[in-house]
Amino acid sequence: MSLGISACTGLIGTGEDGDGNGTCATPPCLPQDPVTQAVASLETTRFPRLSHLQWENTVRDLLYLDAPTGLSASFTGDPLGGIFDNNAEVMLVAASHWADYQTAAEDISATITSDPVALAKIVPADLPSDPTEAARAFVETFGKRAYRRPLSEEEVLAYLDVFTDAATIYDTGTDFEKGVRLCLQGFLQSPHFLYRVERSSEVGPDGLIALDGWEVAAKLSYMLHNSMPDDDLFAAAEAGQLDSAEGILTQAKRLFDADDEAARAMVESFHEQLYQFDHYHDLYKDPDKFPAFTPDLGLDMEEEARMFVDHVVFSGGGLHELLMSRTTFVNAELAALYGLEGSYDDTFQEVTLDASERAGLLTRIGFLAANATPKEQNTIHRGVFVNLRLMCNKLPAPPDNVAGLPPAGDFATNRERVDAHTGAGTCGASCHAPLINPPGYALESFDAVGAFQDLENGAPVNTATTWFFDGEEKDVADAVALSQLIADSDQAHACYAKRLLEYGYGRTAQEGDEITIEALAASSKEGSIEALVLALTQTKAFRTRAPEEN
C-alpha cells in the first residue's frame, strides 16, 4: 500500500491546488513564477545515459528476466560526478563503452533466442502466422518497450530490414529466431535504449518545452525505480494521463510504494551513496585492542544501516527520524558492540537503543567504525562527513604536505591529540577548529568500533563543544545533542533536499533549483521523505525542459 503524505496533492509547482483556487494549503508548495524562471536558467541534457545499475534493471525488466544479468560488472567504469552514480553530466559513452554494450547485446540476444521459454516472454502471444506480419508485430511491440515510446514507421521499417537480413547471418535457428536475435542486438545498442531521450521540441507560452507522456513516464520510472516504465505507466502515457501534474502524482504514489521492491531499492541506493555505506566493507581493527572484531562485521553494519533507512522512510519518517530515531536492527555480533542485554542470534531483530547514548545515523556503529582508524576514533573524518554529507558545508582542500597527527601515546585522549595539532593556535585554527573538529568532538564517546565509552585510557571523555547551526553558534553537549541540533537545523534539511534533487533528477543542483530546494527544506522539517520524493515529481523542472539556447 502507499503511505499517506503530508504534501499538497494538487498541482505542486503550479501555484494551484486541486480546486484551482490558486493556493496550496499544505507544503511543499512551489510558487509558479520563481520556478518558471528557475527552469529557464537550468542547464540540462536531453540525452541522459542510463547508469550501469539502470542498464541492468532495464535489461532485466525488458526481457522479463528473474534477475539482472550481471554483465555490467565488466563495463568500463563511469567517473563519479559528485556523490551519485547517475549524474548524467559525466556519463558519456567512450569507445570502450560501445564495445561493452556490443558484447553484452550479442551475449544476451544469443541467450534469449536459444531458450524457447525466454523467447516466448518477449514475443507477442497472438503472433500472426504470416512471417512478415509476425516480424512487424515483434518489432512494434518489443521496440515500444525498448525505446520506451512507440516507434515511428521509419524506425519499424529499418528494423524489419534488419530482421530479414538475419536469415543470411546465422546458421542455427528458425528465420524468426534469427530475426529476433539480430533485432535484439540492434535495440540493445541503440541510443534510444541506452539514453533516456527527450525528443519534445515545441516551446510553450512560458518559454519552456513540455515533455510528452512517454518522456515523463521514463523520467518518473528511472527516478523512482531506476528502470524502465512498467505496463501501467506505459498505459498512462498512451492515455495522456501524464500530461498533468495530478496524473503524474497518481503514478508517482503508485510507484513509490512500501510493497514495491524497486522503490525500496531506490531508497537504499540513494542513502547508501549519500551516507557511504560501502565504506563499511573490509574494515580492519587492531586485533589486540578489539579481538572480537572481524571484517565480516562490516557487512552486518551495512545491513543494519539499510534496514534502518528502510524502516524510517517506509514508516513515514523524515530526516528528523534518520538523525534521531533510536530504533535499529541487530544480530548477536552487533548487539554485543552496542552493549545490549538479552538473547540474540544470526537473525536481525528490531531494538531500541539507549536514549542517553544513541540517536540516529551519527551514532550507528557502521558510520562510527568506518570513520575511525584501526585503534582510535577519527575525529577529523567524522567531522568532515557531518560537514559535507549532512550540512553541505564547503571545505577547503587540505594544504600540501600536511603533517599527520602526533603519536597517540603522547596524549591522554584522542581529543587532546587532535586539538594540539589542529586546534586554536595551530595551522588548523581557521578551518579545523571552528568547522571540522566540533562535530567530531561531540562523537568522541564512541571508539574505533562504534562502542560507547565514557573513559579513554583512564581519562574522562570530553564531548562538549560549540558549533554553528544556521549561522548561530550553539553549545553541543554530546552526540545526542549534536544529532538533535542538526535535525532542527534549516541547513541540514536544505542539504538533504538538495541531495535528493540531485539523485532524483540525475544532475548537479544549480542556482535555478534554489526555490525548489528551499520549499522542500521547509517541508522536510515537518514532513516525510516520501513527501519530498513525490514533490520532486511535481515541479516544472521535472515536467519541462528549457530550450537549448537558454
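**Labels and their cut-offs**

Mentor: With 75° about the S-S bond, the link of Cys-392 and Cys-495 is right-handed. This is a predicted model, in which local features need pLDDT of at least 70 and side-chain atom pairs count only at pLDDT 80 or more, while totals for chains, interfaces and linings use all residues. Residues are numbered from 1 along each chain as its sequence is written, and side-chain values use heavy atoms, with hydrogens and water left out.

Trainee: What makes Cys-392 and Cys-495 a disulfide?

Mentor: Their sulfur atoms lie 2.1 Å apart, and a disulfide is a pair of cysteine sulfur atoms within 2.5 Å, so Cys-392 and Cys-495 qualify. A search of the whole structure finds one disulfide. The pair links distant parts of the chain, 103 residues apart, with Cys-392 in the loop between helix H17 (379-390) and helix H18 (414-422), and Cys-495 in helix H21 (residues 490-505); helices here are DSSP runs (H or I) of at least four residues, numbered from the N terminus.

Trainee: Why is Cys-495 called buried?

Mentor: Its relative accessible area is 2%, and buried means under 20% (exposed is over 50%, partly exposed in between, with a 1.4 Å probe and protein chains only), so Cys-495 is buried. Cys-183, at 0%, also counts as buried.

Trainee: Why is H9 called roughly parallel to H11?

Mentor: Helix H9 (residues 213-224) and helix H11 (residues 245-255) pack at an angle of about 30°, and angles under 35 degrees count as roughly parallel (over 145 as roughly antiparallel, 65 to 115 as roughly perpendicular, the rest as oblique), so H9 is roughly parallel to H11.

Conventions
Axes fitted to C-alpha atoms, helices over the stretch in contact; angles between N-to-C directions. Helix = DSSP H or I, 4+ residues; strand = E, 2+ residues; numbered from the N terminus.
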